[in-house]
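Subject: Structure handover

Hello,

Here is the structure for you to pick up. Please load it first, then read the notes below.

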Amino acid sequence: MQQITIAPVTRIEGHACIRLFVDDNGGVCDARFQVTQIRGFERFITGRPFFEMPSLTARICGICPVSHQLASAKACDQLLAVTIPATAARLRAILNFGQLIQSHALSFFYLSAPDLLLSMDHPVATRNFFGVAEKDPQFARDGIGLRKFGQQVIERLAGRRIHPTWAVPGGVRSPLEHSARDAILSDLPAMQTLVRNHLQRFQDSLSRYQEYADNFGSFPSLFLSLVGDQDQLEHYHGNLRFIDAHGTTIINDFSPANYQEYIGEAVEPWTYLKFPYYLPQGYPDGMYRVGPLARLNVSRCCGTRHADSELSLFKQLAAGKPVLNSFHAHYARLIEVLYALEMMEQLLADSSILDPHVRAVAGVNQFEGIGAIEAPRGTLIHHYRVDADGLIVRANLIIATGHNNLAMNKAILQAARRYIVNDRLEEGMLNRVEAVIRTFDPCLSCSTHAVGSMPFVIELIAPDGQCIDRIRR
Amino acid sequence: MKKLRLATLWLDGCSGCHMSLLDADERLLELTTFFDIVYSPLVDVKQFPEKVDITCIEGAISSPEDERLLAEVRKRTRLLVAMGDCAVTGNIPAMRNIEGAPAMLQNIYTGQELLQPQVPGTDIPVLNDKALPIHHFVPVDLFIPGCPPSADTLFTTLTALVKGETDQIPLPACFGA
């Protein structure tokens with residue numbers, strides 16, 4: 001059997017390697033998205049005190065440290081067996097929105113725009129954010145501005161942009177300052193205008209991307225996300241919901257605390273990233289997707305004015321049924337950013353957000369805690385067991401990119417079948433296969449992270465061992 | 001002025017140092033007036049190029065693949081920078097060193113709650129027993145501590161290097177926070 005290897009996959013948050021298997025007829029018959037390194041957080045945090053977890057597990061990922069910190073803090077709240085002050089929960093939600101905005105801005109403007117705005121076939125040397133900045137300086141400045149705003153929200157609340165130590169078991173470490181609230185509020189209108197302009201621009205150009213929408217992760221699957229009690233979009237509170245490809249809720253919404261009844265994890269020998277699956281349907285049939293696309297599919301509404309009108313337009317893509325094309329995750333990200341900005345405005349407008357009571361203090365009162373939130377890339381679960389001294393005995397972390405593992409492999413196979421023909425390898429075609437991965441916006445620093453450091457050489461080897469084609473980047 | 005050739009490399013770390021570099025915000029575009037970015041997770045070049053002036057490395061060294069790449073990078077780079085605590089000390093990835101890689105892998109992949117429990121090992125690089133800082137393997141010209149180093153620290157360093165001020169860079173930097 002012949003093999004094609006793409007390594008490293010670039011412009012994703014991590015490094016990975018794609019291996020394509022070609023059969024004797026020249027068709028791609030299998031595809032593997034390989035994650036080739038692991039740091040082992042689940043193991044080395046055992047034996048350490050639970051109160052270190054929010055800051056320590058933030059270091060899982062430099063892109064979404066806040067997501068890990070919040071999932072961890074929620075799990076730790078349960079170890080204390082406390083209800084945290086309402087203001088603390090609202091402040092954490094705002095922090096999470098800051099995280100969502102900066103991460104979505106990175107994915108769309110910095111990492112995927114080179115494919116969308118330049119083109120899939122643009123010369124390699126300038127097919128990047130700096131090439132985008134040259135072609136459309138305002139677009140690049142908007143991307144920088146939006147990411148900066150999200151990072152500043154985190155800095156204004158939590159004191160620093162990356163790996164803050166603000167969310168703690170029982171709440172947050174310090175209340176919101178007047179000046180920080182005013183600074184965020186004064187930036188919000190310009191950011192809303194910016195995002196609505198880019199949403200408009202993306203919608204106007206959608207027809208140009210039809211080819212990609214049809215071939216980038218376009219297949220039925222289950223979807224999973226948190227959802228609010230009014231069926232609205234939710235990133236911090238709420239229960240988990242699975243829907244099928246028709247939009248039907250397949251089991252009653254369940255508390256994240258019961259995740260093990262519905263989510264199993266499988267191991268394959270060729271990757272360090274585990275494969276979560278929907279237990280009742282077995283492996284690998286229980287494939288599901290998480291993330292911005294899943295969240296908009298699962299939710300009936302956003303609950304904010306402008307985002308709701310954008311969501312109804314979005315849902316028209318599939319006549320009200322779930323949107324099955326992973327390519328539209330780009331679109332979904334922009335809608336979520338608009339929603340996050342509107343929610344932030346609502347939460348900050350209420351003066352109770354300045355309440356100084358933001359932390360419940362207690363010791364260990366329960367030995368097991370499970371915290372879930374929606375990270376930018378999807379559902380994130382931290383699960384800890386501790387002993388009577390509060391030392392971690394067992395930890396399980398299920399990361400958004402893990403949930404998407406089965407679907408990413410399927411999406412790569414779909415794109416490879418469409419774009420790779422064995423008698424000719426073209427660089428732009430391979431970039432299309434990588435671009436599929438970018439629609440999932442995988443974050444491989446999360447929990448396991450890959451290093452694809454082999455030089456980028458693709459060889460097509462005939463069954464007799466002779467190299468029939470080779471390209472090098 | 002001739003632009004310097006800058007590379008950035010992400011090995012066994014969380015990407016926080018690279019994110020901190022992006023936190024230079026608008027100054028990021030200013031950097032491209034001093035530098036050609038010839039290799040980085042942000043650009044599409046897949047082969048580490050020849051004759052690089054400065055390479056900033058984030059992360060520890062955790063596999064034979066990391067070691068091989070590091071040796072190649074050192075050979076092709078004039079000035080090698082250990083960017084952030086993982087590159088400087090091993091930091092977070094080195095927390096697994098207490099028990100070593102085999103025991104860690106065994107624990108994570110063979111739990112009874114898993115389907116098909118097994119330690120992955122087909123067609124993927126093995127892990128070194130311990131994650132180690134880069135100066136364990138090659139000479140390093142400049143160390144920037146921090147988890148991550150702040151955007152100001154990184155920006156100050158890079159612009160000082162452009163001016164050739166390698167002796168006295170005022171680094172607002174410390175380990176950890």
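Helix 7 of chain A passes helix 11 of chain A in a left-handed crossing. Keep in mind that this is a predicted model.

**Helix pair**

Helix 7 covers residues 178-205 of chain A, and helix 11 of chain A covers 329-349. Their axes come within 9 Å and cross at roughly 155°. Angles over 145 degrees count as roughly antiparallel, so helix 7 of chain A is roughly antiparallel to helix 11 of chain A. From helix 7 of chain A, the contact residues include A:R181, A:L188, A:V195 and A:F202. Among those they meet in helix 11 of chain A are A:Y331, A:L338, A:L341 and A:L348. By class, this contact has 15 nonpolar, two polar and three charged residues.

**Chain A overall**

Chain A has 14 helices and 15 strands. Of its 473 residues, 58% are buried. Take the contacts in chain A between residues at least 6 apart in sequence: 71% of them join residues at least 24 apart.

**A three-stranded sheet**

One open sheet in chain A has three strands in the order 7-6-10, with mixed pairing. The edge strands are strand 7 (239-243) and strand 10 (288-289) of chain A, and each pairs on one side only. Strand 6 of chain A, residues 222-227, pairs with strand 10 of chain A in the parallel sense, over two bridges. In that region, A:L222 stands opposite A:Y288 of strand 10.

A:P284 sits in the loop between strand 9 (275-278) and strand 10 of chain A. Leaving out residues up to four places away in sequence, A:P284 touches A:Y277 and A:L406. A:L273 is 11 residues from A:P284 along the chain, and their C-alpha atoms are separated by 15 Å.

**Contact between the chains**

The contact takes 49 residues from chain A and 51 residues from chain B. On the chain B side, helix 1 (16-22), helix 2 (27-34), helix 3 (64-76) and helix 5 (101-109) each supply at least two residues. Helix 1 of chain B gives the most, with five residues. By class, the side of chain B that touches chain A has 28 nonpolar, 13 polar and 10 charged residues.

Best wishes

Technical notes
Residues numbered from 1 in each chain as written. Chains lettered and ligands numbered in written order. Predicted model: local features only at pLDDT ≥ 70, side-chain atom pairs only at ≥ 80, totals over all residues. Pairing = 2+ DSSP bridges. Helix = DSSP H or I, 4+ residues; strand = E, 2+ residues; numbered from the N terminus. Buried ≥ 20, exposed ≤ 12 C-beta atoms within 10 Å, placed from the backbone. Contact = placed C-beta atoms within 7 Å. Nonpolar A, V, L, I, M, F, W, Y, C, P; charged D, E, K, R; others polar. Axes fitted to C-alpha atoms, helices over the stretch in contact; angles between N-to-C directions. Parallel < 35°, antiparallel > 145°, perpendicular 65-115°, else oblique. Left-handed = near helix turned anticlockwise from the far one by under 90°.
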